[in-house]
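Dear colleague,

I am handing over the structure we spoke about, with the sequence alongside.

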Amino acid sequence: MKIVNLTLRTAISASLAASGVVHAYLYIHGYRDIPTVGPAFLLQGSVFCALAVLVLAGGPAWLQLIAAIGAMGSLVAFALSRTVGLLGFTETGWQPAPYAAITVVAEALTLLLVGLTVLRQRPRASKDPLLHQRAAGAGEPSSRLG
């Protein structure tokens with residue numbers, strides 16, 4: 001295993017855990033009394049902490065994509081709760097401080113890190129000129145009759 005892959009996996013796990021722990025903390029300290037939003041905080045905290053463990057343990061790559069989808073959903077929910085409201089719930093600014101900022105940074109970092117992981121896994125073009133010639137047909141013998 002390459003050290004870069006391990007580092008990315010560890011960083012993704014840490015960002016997921018940070019968001020999950022903050023959401024669980026907020027659930028315990030007041031959000032549990034908010035209909036629908038409270039249980040959503042508990043669910044998000046639980047799922048993100050579980051994903052953090054599974055990603056760190058080397059789970060399949062699709063878990064990281066699930067983590068990115070969850071992080072994006074959480075960021076959208078955050079934006080909605082500060083603009084038009086979310087399920088009848090609204091907040092203003094970066095309240096509760098500093099937890100709102102921590103989760104936004106953690107979730108944005110999750111998206112960035114998963115994106116980097118996906119880019120690293122893309123097939124790369126070979127630097128071998130002979131392979132490029134063969135792929136272009138330049139190395140094939142002529143099949144002319146005559």
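This is a predicted model: local features need pLDDT of at least 70, side-chain atom pairs count only at pLDDT 80 or more; totals for chains, interfaces and linings use all residues.

I begin with the helices. Two packed helices are described by the angle between their axes and the distance between the axes. For helix α1, which covers residues 3-28, and helix α4, which covers residues 99-121, the axes come within 9 Å and cross at roughly 155 degrees. Since angles over 145 degrees count as roughly antiparallel, α1 and α4 are therefore roughly antiparallel to each other. The crossing of α1 past α4 is left-handed, and the residues that make up this contact are 16 nonpolar, seven polar and two charged.

A second pair can be described in the corresponding way, namely α2 (37-56) and α3 (61-82). Their axes come within 10 Å and cross at roughly 150 degrees, which makes α2 roughly antiparallel to α3. The crossing of α2 and α3 is left-handed.

Next comes the largest pocket, which holds about 400 Å³ of space. It is lined by 26 residues, and those closest to its centre are H23, F41, S74, A77 and F78. Each of α1, α2, α3 and α4 supplies at least two residues of this lining, although the largest share, seven residues, comes from α3. Sorted by class, the lining of the largest pocket consists of 15 nonpolar, eight polar and three charged residues.

Which parts of the chain does the pair of Y31 and F89 link? Four aromatic pairs were counted in the model, and one of them is formed by Y31 and F89, whose rings lie 6.0 Å apart, centre to centre, with 65 degrees between the planes, an edge-to-face arrangement. Y31 sits in the loop between α1 and α2, whereas F89 sits in the loop between α3 and α4, so that the pair links distant parts of the chain, 58 residues apart.

In the loop between α3 and α4, where P96 lies, a cis peptide bond joins Q95 and P96, with omega at about -5 degrees. P98 is also found in the loop between α3 and α4, and the peptide bond that leads from A97 to P98 is cis, with omega near -5 degrees.

With best wishes

How values were computed. Residues are numbered from 1 along each chain as its sequence is written. Side-chain values use heavy atoms; hydrogens and water are left out. Axes are lines fitted to C-alpha atoms, for helices over the stretch in contact, and angles run from 0 to 180 degrees between N-to-C directions. Helices (H or I, at least four residues) and strands (E, at least two) are DSSP runs, numbered from the N terminus. Angles under 35 degrees count as roughly parallel, over 145 as roughly antiparallel, 65 to 115 as roughly perpendicular and the rest as oblique. A crossing is left-handed if the near helix is turned anticlockwise from the far one by less than a right angle, and right-handed if clockwise. Ala, Val, Leu, Ile, Met, Phe, Trp, Tyr, Cys and Pro count as nonpolar, Asp, Glu, Lys and Arg as charged, and the others, Gly among them, as polar. On a 1 Å grid over the protein atoms alone, a cavity is a set of points where a 1.4 Å probe fits but cannot get out, and a pocket is an open set with protein on both sides within 12 Å along at least five of seven lines; lining residues have an atom within 4 Å of a point. Grid points are joined across faces, edges and corners, and a volume is the space filled by probe spheres set on the points. Rings of Phe, Tyr and Trp (its six-membered ring) pair if their centres lie within 6.5 Å; planes under 30 degrees apart count as stacked, over 60 as edge-to-face and the rest as tilted.
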